Amino acid sequence: MLTLAAVGGFFVPIVFGHVVPHTSFNTGRRFLAVVSFVFALVGLLGRNPARESVRRIPAAPGLEAVNDAINQSRREHR
């Protein structure tokens, strides 16, 4: 979303400034409406990859014993 906001906040006013002198202010406002609608659709219909990328990777063999030893050592030093 930040990328969409950065592109929209930088390029859209520049293009609006080029559209208005060559056509009219009403055409510029229509341009802004269409661009806003397109960016809104991209943002709302965009796929969220978080569900697919979150996977449980099994720990390496013996790693659980190391973690248990670390946790036990921490409990002893409290």
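This is a short talk about one predicted protein model and a few of its residues.

First, the ground rules. Residues are numbered from 1 along each chain as its sequence is written, and side-chain values use heavy atoms, with hydrogens and water left out. The model is predicted, and local features need pLDDT of at least 70, side-chain atom pairs count only at pLDDT 80 or more, and totals for chains, interfaces and linings use all residues.

I start with the overall layout. The protein chain has four helices and zero strands. Helices here are DSSP runs of H or I with at least four residues, strands are runs of E with at least two, and both are numbered from the N terminus. Along the sequence the pattern reads α-α-α-α.

Next, confidence. pLDDT is the predictor's confidence in each residue, from 0 to 100. Its mean over the protein chain is 79, and 78% of the residues reach 70 or more. Which element has the lowest mean pLDDT, and which the highest? Helix α3, residues 50–53, has the lowest at 58, and helix α2, residues 25–45, has the highest at 89.

Now the surface. The accessible surface of the protein chain is about 7100 Å², and carbon and sulfur atoms account for 63% of that. Such areas come from the Shrake-Rupley method with a 1.4 Å probe, and for residues only the protein chains shown count as cover. How much of the chain is buried? Of its 78 residues, 6% are. Buried means under 20% relative accessible area, exposed means over 50%, and partly exposed is in between, with a 1.4 Å probe and protein chains only.

One surface feature is a nonpolar patch formed by V7, F10, F11 and I14, with about 370 Å² of accessible area together. A patch is made of residues with over 30% relative accessible area and no salt bridge; like charges are joined within 9 Å, and nonpolar side chains (Val, Leu, Ile, Met, Phe, Trp, Tyr) within 5 Å. A salt bridge is a side-chain nitrogen of Lys or Arg within 4 Å of a carboxyl oxygen of Asp or Glu.

V7 lies in helix α1 and counts as partly exposed because its relative accessibility is 34%. Leaving out residues up to four places away in sequence, V7 touches V12 and F39, where contact means heavy atoms within 4.5 Å. V7 and F39 are 32 residues apart in sequence, with 9.8 Å from C-alpha to C-alpha. F11 is also placed in helix α1, residues 2–22. F11 has a relative accessible area of 48%, so it is partly exposed.

On to the rings. Rings of Phe, Tyr and Trp (its six-membered ring) pair if their centres lie within 6.5 Å; planes under 30 degrees apart count as stacked, over 60 as edge-to-face, and the rest as tilted. By this rule there are two aromatic pairs. F10 and F11 form an edge-to-face pair, 4.9 Å centre to centre with 85° between the planes. F16 and F25 also pair edge-to-face, at 5.9 Å and 80°. Is F16 buried or exposed? F16 is buried, because its relative accessibility is 18%.

Last, two more residues. T27 sits in helix α2 and is partly exposed, at 30% relative accessibility. H18 is in helix α1 and is exposed, at 52%. H18 and G28 are 10 residues apart in sequence and 8.9 Å apart in space, C-alpha to C-alpha.
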